[in-house]
Amino acid sequence: MDKHKKRRSSEEVVLMSMSAFASIVILPFACYRFMEQHWPSFFTDLALITGLLSVFICVYFTRKIKLAAWLAISIAVIGICLIVKFNGTFPIYWCYPVIIATYFLIKPTVAVFICLGMLSVLLALVMDILAFVDLFTFLATSLITIVFSYVFSKKTLHQHKKISHNAHVMQLRNQALEEIVHGSDLSGSLDNLCRNIEHGFAGMKCCVALVSADRKVIEVGAAPSMKDNFISAVAEQEIVLSLNPCAYAIKSKSRVVIEDIAQSHQWPQWRDICVLNGLGACWSEPILGSNGQVLGTFSFYHVAARKPTRKETALIIQVANLVSMAIERERSNHLIWHQANFDQLTNLPNRNMMQDHLKQSLAVANRERKQVAVAFLDLDHFKEVNDRLGHDIGDLFLIETAKRLKACLRATDDVARLGGDEFVVTMTNIDGYRDIEVITEHIVNALSTPYYLQNEIVHSSVSIGVTVYPDDGRDIDTLLKNADQAMYGAKHSGRNGCHFFTAAMRDVAEQRYQMLQDLRVALAQQQFMLYYQPIVCMKSQQIIKAEALLRWQHPDKGIIYPNDFISLAEETGLIVDIGNWVVEQVIEQLTDWQTQIHPEFQVSINTSPVQYRQGYHHLAQWTKKMRMKCLSSNALCLEITENLLMSDKIEVHQTLTQLQEVGLEIAIDDFGTGYSSFGYLKQYSADYLKIDQSFVNKITQDPKELALCEAIIVMAKKLGIKVIAEGIETLAQAQLLNKIGCDYAQGYYFAKPMTKDDFEAYISQKLLIEV
């Protein structure tokens with residue numbers, strides 16, 4: 001933008017207005033002189049008009065106020081003297097506005113001499129013309145005008161300086177606050193603040209000294225006008241009282257004022273450097289944070305030896321507060337950024353930071369035609385560590401794992417924690433798969449070494465899945481998905497090892513994804529159906545129990561059995577909705593069958609550990625629905641696994657206890673295939689034990705299997721638990737189980753699982769097998 005287009009100051013406006021107005025006023029007089037052919041006066045007026053227009057042009061185009069002011073004063077003083085000389089005493093009183101204008105345009109002290117000189121010339125010109133009284137009156141009024149103008153000008157100048165100082169301080173503060181609000185770089189903000197102060201206060205130099213993160217040494221935050229030898233003497237120095245005024249202010253939390261550095265004997269080394277740099281005084285103000293902690297100091301150095309004025313002291317305090325705000329804003333921003341990009345427990349990069357690093361690594365690898373390996377790590381049995389030893393030990397375990405992982409990697413590799421016990425390692429600059437194997441073997445060995453945590457010895461291992469760019473994928477999502485699949489391959493291969501991604505894994509993953517989508521559709525479109533298998537009372541041969549078995553009627557694949565989709569439903573949480581649907585269907589069926597078959601008819605359903613982790617309030621909805629249908633709670637039997645009893649989850653145990661308290665019966669399914677601990681049965685009493693068919697199948701051939709079944713039955717009866725034998729396929733098996741005291745029997749020998757209609761037909765025909 002051109003100078004004349006910028007906003008004009010008040011001085012410029014006054015000068016331009018005065019010169020233009022004076023020219024307009026003099027112009028009629030010049031015309032009159034011309035018509036009267038009074039040539040000396042005419043040329044005097046013409047010269048004045050020309051001079052005044054020159055002042056106007058000078059201000060308008062060059063904006064040189066001082067030059068224009070002196071030009072205007074010179075023209076006015078010389079002009080008034082010439083006019084009086086050629087026109088007599090009449091124009092003499094024009095000297096009053098000239099006196100006032102002189103004090104406005106230049107310094108009051110200089111204006112006094114100019115005005116007195118002009119007054120002397122005018123007195124000499126009119127002394128012989130004016131009467132004594134008029135002469136005395138003119139002299140007195142002129143002197144009074146000069147004195148009052150001087151006093152008023154000095155007062156105005158003082159106010160102007162005060163306003164200018166306050167305006168400059170306000171500008172400094174506003175600029176600093178604007179940079180703080182907009183999150184400008186701390187170093188740049190401090191540097192700008194120092195430069196603005198130095199520009200606005202002559203002879204001033206600034207230095208910002210900050211306390212290091214470990215609070216042991218001083219770091220120079222900004223010192224734009226200081227020489228290198230001064231900065232070296234301040235930076236990276238230990239904070240002790242005997243070092244320099246900055247360190248003293250930090251330690252004492254108080255302002256330090258050195259009025260004459262050359263005469264100071266407290267810090268000789270610092271004094272000599274200051275004298276060498278031409279510094280005469282130092283005023284150092286501690287920068288305090290909102291919590292009272294010292295963040296550093298802001299030091300004003302002056303080239304002259306003197307103490308700070310009251311205004312300068314106020315400025316020091318304001319500036320120190322501004323710097324405090326800037327530092328805390330910078331630290332807050334850094335904290336927010338760190339929390340957004342780093343794991344709070346292990347201080348490793350999190351998913352966000354990992355993806356940024358991986359993106360950069362892939363870009364470099366693509367440009368240099370190199371490979372990048374991405375390894376997905378999952379700690380084996382971490383859940384058991386958490387459940388057995390508590391979350392505090394679990395956290396220490398993760399922290400130690402992070403340290404071991406970093407120790408295993410090269411300088412070019414990265415490790416990040418995604419959450420829980422999952423980590424991702426990015427390996428760059430690799431020359432073939434052997435480099436990857438060396439690193440992963442190092443990791444496996446390091447993480448399988450025992451952990452010693454608060455008097456606890458923790459044994460662990462890790463499963464690692466590795467995928468390679470660009471062989472297995474070219475984008476981040478694909479690589480992470482492939483590494484995750486490879487990690488599951490390592491899990492299935494026995495854990496504590498590494499598995500590389502293969503195309504077959506991709507196919508399995510795609511199949512799982514498709515099945516998951518189909519499961520969601522099946523739940524929405526009610527493609528599930530229930531089959532029922534009778535449970536026969538061995539003594540009475542009556543059928544007053546049945547097990548509900550889930551089937552999926554897929555529109556394209558036909559009947560799909562639970563073994564093919566239940567694990568996926570559990571992983572995704574769909575099992576909760578599926579289980580609710582099963583309960584609703586069974587409750588509806590029980591309402592009819594307790595009327596048609598037997599008033600105490602009971603249906604058992606298979607349940608998942610995932611459902612019990614939802615808490616009792618979730619499963620309590622089942623008993624509520626049963627009460628609405630006027631069904632007793634024991635009409636429904638919940639089959640659980642031995643592993644659920646072994647769980648250390650308090651909420652699981654509480655849920656089981658609460659369910660039994662409201663009347664629901666509990667059956668331990670597949671007993672004998674898990675831990676088979678009667679200690680847990682004693683602690684959490686069940687209503688039924690279901691002997692797994694793997695034992696039942698062999699009881700006619702192997703006496704040991706028969707003895708084992710008999711032992712289970714005897715122990716169960718001692719504990720008041722009834723026994724159901726599963727998978728009975730022959731008459732001989734049924735007879736042996738009846739002989740050793742088994743209560744109930746279930747299997748193909750009696751009946752296969754069947755639809756609701758077939759089950760009702762089967763019951764109506766009373767196809768009871770005599771044992």
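Mentor: Contact here means heavy atoms within 4.5 Å of each other. Keep in mind that the model is predicted. Now take Ser-608, which sits in the loop between strand S17 (602-606) and helix H20 (609-612).

Trainee: Which residues does Ser-608 touch, leaving out those up to four places away in sequence?

Mentor: Ser-608 touches Glu-570 and Ile-575. By the definition, each of these has heavy atoms within 4.5 Å of Ser-608. Ala-569 is 39 residues from Ser-608 in sequence and 10.0 Å from it in space, C-alpha to C-alpha.

Trainee: Why is Ser-608 called buried?

Mentor: Its relative accessible area is 3%. Buried means under 20%, so Ser-608 qualifies.

Trainee: What makes Lys-690 and Glu-726 a salt bridge?

Mentor: Their closest N and O atoms are 3.5 Å apart. The cut-off is 4 Å between a side-chain nitrogen of Lys or Arg and a carboxyl oxygen of Asp or Glu, so the pair counts. This pair links distant parts of the chain. Lys-690 is in strand S20 (residues 688-691), while Glu-726 is in the loop between strand S21 (722-725) and helix H27 (731-739), 36 residues apart.

Trainee: Are Lys-690 and Glu-726 buried or exposed?

Mentor: Lys-690 has a relative accessible area of 0%, and Glu-726 has 11%. Both values are under 20%, so both residues are buried.

Trainee: How do you know that Arg-434 and Glu-437 form a salt bridge?

Mentor: The N to O distance between their side chains is 3.3 Å, and that is within 4 Å. Both residues lie in helix H15 (residues 433-448), three residues apart, about one turn of the helix.

Trainee: Why are Arg-434 and Glu-437 called partly exposed?

Mentor: Arg-434 has a relative accessible area of 48% and Glu-437 has 30%. Partly exposed covers the range between the buried limit of 20% and the exposed limit of 50%, so both belong there.

Trainee: How many salt bridges does the structure hold, and which residues are linked in a network?

Mentor: The structure holds 20 salt bridges. Asp-378, Asp-380, Lys-491 and Arg-495 are linked in a network of them.

Trainee: What makes S5 and S6 paired strands?

Mentor: Eight bridges join strand S5 (residues 281-288) to S6, and they run antiparallel. Ser-284 stands opposite Ser-299 in S6. S5 and S6 form a hairpin with five residues between them, and Gly-292 in the turn has a positive phi of about 90°.

Trainee: How do you know that S6 also pairs with S1?

Mentor: Seven bridges join strand S1 (residues 204-211) and S6 in the antiparallel sense, again meeting the requirement of at least two. In S6, Phe-298 is the bridge partner of Val-208.

Trainee: Why is S6 described as largely enclosed?

Mentor: S6 covers residues 294-302, and nine of its nine residues are buried, so the rest of the structure largely encloses this strand.

Trainee: What makes S3 and S4 the edges of their sheet?

Mentor: The sheet is open, with six strands in the order S3-S2-S1-S6-S5-S4 and antiparallel pairing. Strand S3 (237-238) and strand S4 (256-258) each have a single partner strand, so one side of each has no neighbour in the sheet. S3 is joined to strand S2 (residues 217-222) by two bridges, and pairing needs at least two. Ile-218 has Gln-237 in S3 as its bridge partner.

Trainee: Why is Phe-34 called partly exposed, and which patch is it part of?

Mentor: Phe-34 is found in helix H1. At 45% relative accessibility it falls between the limits of 20% and 50%, so it counts as partly exposed. Helix H1 (10-36) and helix H2 (39-62) each supply at least two of the patch residues, and H2 gives the most, with three.

Definitions and conventions: Residues numbered from 1 in each chain as written. Predicted model: local features only at pLDDT ≥ 70, side-chain atom pairs only at ≥ 80, totals over all residues. Heavy atoms only, no water. Helix = DSSP H or I, 4+ residues; strand = E, 2+ residues; numbered from the N terminus. Buried < 20%, exposed > 50% of the residue type's maximum accessible area, 1.4 Å probe, protein only.
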